[in-house]
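Subject: Structure handover

Hello,

Here is the structure you asked to see. My notes on it follow below.

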Amino acid sequence: MDIVLNTFGTSLNRDSEGFVITNQDGRQRIPMQGIRSIQVGKGAQITSDAIMLAIDNEIEVLFTDRAGQPKGRVWSHKYGSVSTIRKGQLAFTKSVDAVIWIKEILSQKLSNQQALLLMLPESGDEILETRRQKAIDAMEDYRQKLMKLPTNVVVGDIAPQLRGYEGAASNAYFEVMSAFIPSQYWFPTRSQHPAMDVFNAMLNYGYGILYSRIEGELIKAGIDPYIGVMHRDEYNRPVLVYDIIELYRIWVDYVVCNLACQEVITDDFYSVSDDGSCWLETLGRKVLIQSLNDYLEEHIQMRDLTRSRGTQIQLHAQNLAQKFKNYN
């Protein structure tokens with residue numbers, strides 16, 4: 001369970017061995033058991049007593065910006081990384097094994113995107129259906145080219161090609177996705193910082209939630225999220241999170257597409273600034289957070305294990321830590 005404070009004026013305090021949320025609707029006491037994280041957005045407050053209780057019980061406290069992107073976190077000292085994991089992590093990033101690893105991640109990402117395009121509702125338009133199939137075929141072509149890149153090199157040698165194929169495939173993916181969702185949510189292009197339409201605003205906010213979840217699991221597993229494989233040049237960024245999230249972006253895409261196809265996204269979900277940028281408001285954030293959390297709690301089978309999607313991320317981080325620990 002995650003406590004999410006993203007409404008202006010909401011505060012979180014400690015009440016004996018639990019937490020109390022106070023807002024304009026009153027007070028709500030929440031037992032500590034089962035809480036995984038506390039997320040504090042702009043305009044919300046958390047007391048030092050609540051932070052200390054969270055630290056003592058290994059509950060991460062995450063601070064996010066208006067778009068849901070993590071800006072900072074407080075975590076227990078019990079998460080400390082052992083040196084063998086970090087040494088192995090550094091050695092791995094410079095090895096040929098890292099090339100195989102990142103190629104497999106990007107290949108799976110493209111396969112996931114192709115599958116989602118196939119899941120979008122039938123349009124009944126022959127031209128549009130042909131366009132969908134052409135995009136899927138083009139993405140497969142990019143995936144095959146990506147997998148044929150040499151493996152007897154380091155990632156830096158083929159990073160431009162990796163980014164090129166992955167970027168071209170993603171462009172084809174989002175172009176078709178836009179055409180198959182209800183017309184009121186169509187978007188001309190993928191926009192990120194900031195979003196220029198509500199669909200992209202929801203994607204960005206959902207990815208922010210996923211970023212924070214992955215970063216937290218890496219830290220708990222003893223992995224340094226600032227040592228990446230393909231994303232290696234961004235200063236002061238958790239670049240390993242950017243590598244790993246490629247496996248899981250599809251979960252956010254599915255949830256947002258599902259909300260759009262159900263046409264539940266209304267004008268109350270967002271606001272538009274003077275510069276044309278689009279931002280989720282309280283209702284939009286609430287619906288998206290609840291929908292994504294419900295999706296992450298669903299049990300699925302991955303790597304021969306049936307666990308919730310959120311637990312699958314945790315297991316992935318633990319397995320990766322073991323890989324790095326043995327890579328010395």
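A crossing is left-handed if the near helix is turned anticlockwise from the far one by less than a right angle, and right-handed if clockwise. Helices (H or I, at least four residues) and strands (E, at least two) are DSSP runs, numbered from the N terminus.

This is a predicted model, in which local features need pLDDT of at least 70 and side-chain atom pairs count only at pLDDT 80 or more, while totals for chains, interfaces and linings use all residues. Residues are numbered from 1 along each chain as its sequence is written, and side-chain values use heavy atoms, with hydrogens and water left out.

**Helix α6 against helix α8**

By that definition, α6 passes α8 in a right-handed crossing. Two packed helices are described by the angle between their axes and the distance between the axes. Here the angle is about 145°, and the axes of α6 and α8 (residues 249-261) lie 9 Å apart. Axes are lines fitted to C-alpha atoms, for helices over the stretch in contact, and angles run from 0 to 180 degrees between N-to-C directions.

Which residues make the contact? From α6 come Phe 199, Met 202, Leu 203, Gly 206, Tyr 207, Leu 210 and Tyr 211. From α8 come Arg 249, Val 252, Asp 253, Val 256, Cys 257, Leu 259 and Ala 260. Contact means heavy atoms within 4.5 Å. The residues split into 11 nonpolar, 1 polar and 2 charged.

**Helix α2**

Next is α2, residues 83-93. Its buried residues are Ile 85, Gly 88, Gln 89, Phe 92 and Thr 93. Buried means under 20% relative accessible area, exposed over 50%, partly exposed in between (1.4 Å probe, protein chains only). Seen down the axis of α2, the buried residues fall within an arc of 130°, so they line one face of the helix. The arc is that of the directions from the helix axis to the C-beta atoms. Their cover includes α3 (96-119), α6, α7 and α10 (309-325).

Asp 224 sits in the loop between α6 (198-221) and α7 (239-244). Asp 224 counts as buried because its relative accessibility is 13%, and the cut-off is under 20%. Leaving out residues up to four places away in sequence, Asp 224 touches Arg 86, Gln 89 and Leu 240. The side chains of Asp 224 and Arg 86 also make a polar contact, at 2.5 Å. A polar contact is a pair of N or O atoms within 3.5 Å; within protein, one must be able to donate a hydrogen and the other to accept it, and residues adjacent in sequence count only if both atoms are side-chain atoms.

Lys 109 is in helix α3. Is Lys 109 buried or exposed? Lys 109 is buried, with a relative accessible area of 6%. With residues up to four places away in sequence again left out, Lys 109 touches Glu 166, Ser 170, Glu 246 and Arg 249. Arg 249 also belongs to the α8 side of the contact with α6.

**Backbone points to check by eye**

A cis peptide bond joins His 193 and Pro 194, with omega about 10°. Pro 194 is in the loop between α5 (155-180) and α6.

Glu 263 is not a glycine, yet its phi is positive, about 55°. Glu 263 is in the loop between α8 and β9 (270-272). At 48% relative accessibility, Glu 263 is partly exposed.

**Loops and a strand**

Ser 16 is in the loop between β2 (11-15) and β3 (18-23). At 53% relative accessibility, Ser 16 is exposed. Neighbours within four places in sequence aside, Ser 16 is in contact with Arg 29 and Leu 53. Ser 16 and Leu 53 are 37 residues apart in sequence and 9.4 Å apart in space, C-alpha to C-alpha.

Phe 8 lies in the loop between β1 (2-5) and β2. Phe 8 is exposed, at 74% relative accessibility.

Gly 26 is in strand β4 (residues 26-31). Its relative accessible area is 30%, partly exposed.

Best wishes

Notes. Nonpolar A, V, L, I, M, F, W, Y, C, P; charged D, E, K, R; others polar.
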